[in-house]
Amino acid sequence: MLLWQRRKHLDNLAPPVELEGTMPELPEVESLSLALKEVLGSGRKILRTLVFDSKLGSLDRLAGDTLYRPERIGKGLYFPLAGGDFLQVHLRMTGRLLHHSLSREFLRYERLRLEFEEGVLSLLDPRRFATVMVVETIPQRRALDIVKDQVTAEELWERGLRKGTTIKSFLLDQSILAGIGNIYASEILHRAGIDPRRAVSSLSLTEWKAILNSASAILGLAISCRGTTISDWRDLFGRPGGYQRYLKVYGREGKPCFRCGQLLKRLKIGGRSTYFCQVCQK
DNA sequence: CCCTATGTTCCCAA
DNA sequence: CTTGGGAACATAGG
């Protein structure tokens, strides 16, 4: 409300248009990245920048610069700028990007708008956790990315031997494996038949191969579905994703396992809800 | 009022 | 040094 009033003071746009928020993991951010590559082509000049939330800091220097197709690193997006810097975007819990042509309407939860000769790129974020900043370099030391890199079971097994945590927490550790979030971690372990409470150091090489196969299949399918829409995820053009119909355990506490019929359990691991089947996952 | 939430960071304790 | 717990960020929905 405050944002809208401030916005209204700045410019003379129509009242807010209602649009929902999001919550992106690797497949969702990858879907945005692929769509942005189409939209931005070989680079698009930013005609005007509108910042509606002072939490984002000053992004004035973007106006007049050229925005190029982004690279996804983990759950983050890095857009090269003509000047050699990068625009770093992380959507956190509820951030969302929308490409549209509603040049005169202020969108609900809109925090940032980049205007191009054709179209508008907006950041929408109800909870205002998303971060946008201009940085000089992209991260050099990178975590392993199951979609972009040739990750082997051997290297994960070896990394896991030295850790004193659970496989669930290990999969969510962004400094080791980039991009896996809370939904896909539960799904990956169910498909692999691994109990999320297992000590990561106890996993065999064979079990790691199962986890890696599971992760590749699930993340790949989720990308081709343009992500998972449980409540309100939408892609760059406002369309829902399709992976929700493939979810086997996430959000299904007390419902029967599709594989064995056992009622699914939920517990907290590392402070996050974790869904699994006591029978299928050992 | 209670609880939950697809993420990350920070402080503190074991 | 590591790990986990809890709080924080801020808002909506059940």
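**Notebook: DNA contacts, sheets and a ring pair**

I began at Lys163, where a polar side-chain atom sits 3.1 Å from a phosphate oxygen of DNA strand C. The model is a predicted one, and I keep that in mind for every entry below.

**DNA strand C**

For the bases I turned to Arg127, which places a polar side-chain atom 2.7 Å from a base nitrogen of DNA strand C.

I then listed the surroundings of the strand. The residues around DNA strand C include Lys55, Arg108, Tyr109, Phe129 and Gly270. Of the atoms of DNA strand C that come within 4 Å of the protein, 66% belong to sugar and phosphate. Sorted by class, the surface near DNA strand C gives me five charged, three polar and three nonpolar residues.

**Sheet with β5 and β12 at the edges**

I traced an open, antiparallel sheet of four strands, ordered β5-β6-β7-β12. β5 (71-73) and β12 (131-135) each have a single partner strand, so one side of each has no neighbour in the sheet.

I followed β7 (residues 86-90) along β12 and found five bridges in the antiparallel sense. One point to check on screen is Phe86, whose bridge partner in β12 is Val135. Helix α2 (residues 26-40) packs on this sheet and touches β5 and β6 (76-80); the direction of α2 makes about 20° with that of β6.

**Sheet with β3 and β8 at the edges**

I found another open sheet of four strands with antiparallel pairing, in the order β3-β10-β11-β8. Its edges are β3 (48-51) and β8 (96-100); each has a single partner strand, so one side of each is left without a neighbour in the sheet. I noted an average twist of 15° from one strand to the next.

β8 pairs with β11 (residues 120-124) over five bridges, in the antiparallel sense. Here I marked Leu97, whose bridge partner in β11 is Leu123.

**Aromatic rings**

I have five aromatic pairs in the structure. I opened the one between Tyr184 and Tyr243: the ring centres are 5.8 Å apart and the planes stand at 50°, so the pair is tilted. Tyr184 lies in helix α5 (residues 182-192), and Tyr243 in the loop between α6 (205-224) and β13 (265-269), so the pair ties together parts that are 59 residues apart in sequence.

How values were computed
Residues numbered from 1 in each chain as written. Chains lettered and ligands numbered in written order. Predicted model: local features only at pLDDT ≥ 70, side-chain atom pairs only at ≥ 80, totals over all residues. Heavy atoms only, no water. Near = heavy atom within 4 Å. Polar contact = N/O pair within 3.5 Å; in protein donor to acceptor, adjacent residues only side chain to side chain. Nonpolar A, V, L, I, M, F, W, Y, C, P; charged D, E, K, R; others polar. Pairing = 2+ DSSP bridges. Helix = DSSP H or I, 4+ residues; strand = E, 2+ residues; numbered from the N terminus. Contact = heavy atoms within 4.5 Å. Axes fitted to C-alpha atoms, helices over the stretch in contact; angles between N-to-C directions. Phe/Tyr/Trp six-rings, centres within 6.5 Å; stacked < 30°, edge-to-face > 60°.
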